[in-house]
Amino acid sequence: MLECAPQLPKPIRVAQVAPSIFPVPPRDHGGTERVIHDLCVAMQRQGCEVTLFAASDSTTPVTRIGSLPSLQFLESEHGTVPPSIPAVLESVTLDEVRQRLDEFDILHFHGEFFHATLLGDQRSKSLTTIHWRVDELDRKLFFNAFPDLPVAAISASQQRGIPEANRAGVVLHGVDGDRFEPSFEPGSYLAFIGRMTDQKRPDKAIDVAVECGHPIKLAGTVDVGNPLYFDTYVRPKLGDGVEYVGPVGDAAKSELLRGATALLFPIDWPEPFGLVMIEAMACGTPVIAWNKGSVSEVVEDGVTGFIVENEAQAVEAVNKVGSLDRRRISARFEERFTADRMARDYIEMYKRMLKS
């Protein structure tokens with residue numbers, strides 16, 4: 001009697017649905033799109049069948065669907081575009097998803113709001129990751145309207161703002177460490193990377209550097225939602241060891257971080273994760289971060305950096321940052337924050353959802 005070969009488990013068919021603001025991966029800035037890219041690649045490496053719904057100028061090496069380019073591309077080609085363009089791009093993307101709903105075991109959305117209506121009674125096979133704060137009125141109304149929509153938090157801090165009915169679990173971000181080359185030298189300047197906005201407080205980073213007598217290099221985009229902030233609070237402080245280098249892509253970001261004594265992260269809002277913190281760790285660079293939002297979940301005080309409450313404590317932290325072992329910082333990144341770990345965590349979450 002012939003024995004049947006054992007049935008191999010079928011790979012999970014996953015749709016990753018990206019916002020339409022930037023391509024995936026982004027050209028220089030765009031933390032959400034960077035996470036989506038790394039997640040797609042890592043999931044495919046771990047045996048999932050991954051389809052990415054994203055802008056047509058995306059280059060992630062997985063099956064991709066998306067007929068229109070990103071908002072960034074349209075702005076580069078046409079200059080100022082009508083404010084309705086983002087809604088058009090999202091509508092087209094969601095219709096492309098709608099036509100293929102039955103082709104996937106899990107639909108993982110990284111944008112907000114309209115997909116919940118599209119999914120209807122298939123919301124239970126979806127997962128939503130919100131890459132922004134969740135404690136504002138729009139999110140509260142959204143959660144109340146769709147209590148059957150599973151939502152993954154990117155930190156325990158963020159999850160506290162998500163109703164229990166929606167909670168699918170917590171998956172901390174990860175990145176592909178191959179983009180970052182660690183340096184175990186002490187560094188010659190302080191670094192700040194982030195949007196030039198009152199949420200990220202680059203002006204506070206400058207004040208700490210000046211107080212310590214350290215040069216500082218700042219990188220990031222001028223926040224489109226608050227364009228006057230840079231001219232009012234940052235530009236007047238440039239010069240005399242304070243340098244603004246503008247937006248940075250992967251290679252320039254790695255070079256900037258690996259040459260830094262420490263990354264300053266003086267946030268003034270409930271940061272849901274803070275991707276640049278783990279990018280610094282991938283370079284072996286300590287992080288000095290204000291104790292808000294997810295910081296205490298990401299930074300191990302006295303190991304990968306220091307958690308502080310104010311500028312005075314930040315100055316003290318800069319003065320003792322040389323006591324930290326940059327090799328240990330790089331190792332802790334590998335242990336906690338790789339894209340492969342992130343993908344494994346999401347795959348386990350998918351499996352729990354499929355069982356239930």
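Where is the place of Thr32? Let us find out in the first of these close-up views, which show a predicted model.

**View 1. Thr32 and its surroundings.** The place of Thr32 is in helix α1. Once neighbours within four places in sequence are left aside, the residues in contact with Thr32 are Pro19, His110 and His131. Another residue to look for here is Thr129: its C-alpha is 9.9 Å from that of Thr32, while 97 residues separate the two in sequence.

**View 2. The seven-stranded sheet.** Here we meet an open sheet with parallel pairing, in which seven strands follow the order β3-β2-β1-β4-β5-β6-β7. At the edges stand β3 (63-65) and β7 (167-170); each has a single partner strand, so one side of each is left without a neighbour in the sheet. From one strand to the next, the twist averages 25°. Strands of a sheet pair through backbone hydrogen bonds, either parallel or antiparallel.

**View 3. Strands β4 and β5, with helix α14 packed on the sheet.** Three bridges join strand β4 (residues 106-109) to strand β5 (residues 126-129), and the two pair in the parallel sense. If you start from Phe109, the bridge partner to look for in β5 is Thr128. Helix α14 (residues 339-355) packs on this sheet and touches β1 (13-17), β4, β5, β6 (151-153) and β7. The direction of α14 makes about 140° with that of β5.

View 4. Most residues other than glycine have a negative phi, and most peptide bonds are trans. Which peptide bond is cis in this view? The bond from Val24 to Pro25 is cis, with omega near 0°. You will find Pro25 in the loop between β1 and α1 (31-45). Phe113 also deserves a look: though not a glycine, this residue has a positive phi of about 85°. The loop that holds Phe113 runs between β4 and α4 (114-119).

**View 5. The six-stranded sheet.** Six strands make up this open sheet, with parallel pairing and the order β10-β9-β8-β11-β12-β13. Its edge strands, β10 (242-246) and β13 (305-308), each pair on one side only. On average, and with direction ignored, neighbouring strands of this sheet are turned by 20° against each other.

**View 6. Strands β11 and β12, and helix α9 lying across its strands.** Strand β11 (residues 260-265) pairs with strand β12 (residues 287-290) in the parallel sense, over three bridges. For Phe265, the bridge partner in β12 is Ala289. Have a look at helix α9 (residues 250-258) too, which lies across β8 (189-193), β9 (216-219) and β11. Helix α9 runs at about 140° to β8.

View 7. A pair of aromatic rings is described by the distance of the centres and the angle of the planes. The structure holds nine aromatic pairs. In the pair formed by Tyr229 and Tyr233, the ring centres are 4.9 Å apart and the planes are at 35°, so the pair is tilted. Tyr229 and Tyr233 are separated by about one helical turn, because they stand four residues apart in helix α8 (residues 228-234).

View 8. Rolling a probe the size of a water molecule over the atoms shows where empty space is left. How many cavities of 30 Å³ or more does the structure hold? There is one, and about 60 Å³ of space lies in the largest cavity. Its lining is made of Ser20, Ala54, Ala55, Gly66, Ser67, Leu68, Pro69, Leu89, Val92, Thr93 and Glu96. Sorted by class, these lining residues are six nonpolar, four polar and one charged.

**View 9. The second largest pocket.** This pocket has a volume of about 150 Å³. Its lining counts 14 residues, of which Asp176, Gly177, Asp178, Glu334 and Thr338 are the closest to the centre. Which of them gives the largest share of the lining? That is α13, with three residues. By class, the lining of the second largest pocket divides into six nonpolar, three polar and five charged residues.

Terms used: Residues numbered from 1 in each chain as written. Predicted model: local features only at pLDDT ≥ 70, side-chain atom pairs only at ≥ 80, totals over all residues. Heavy atoms only, no water. 1 Å grid on protein atoms, 1.4 Å probe; cavity = no way out; pocket = protein on both sides within 12 Å on 5 of 7 lines; lining within 4 Å. Points joined across faces, edges and corners; volume = space filled by probe spheres on them. Nonpolar A, V, L, I, M, F, W, Y, C, P; charged D, E, K, R; others polar. Pairing = 2+ DSSP bridges. Axes fitted to C-alpha atoms, helices over the stretch in contact; angles between N-to-C directions. Contact = heavy atoms within 4.5 Å. Phe/Tyr/Trp six-rings, centres within 6.5 Å; stacked < 30°, edge-to-face > 60°.
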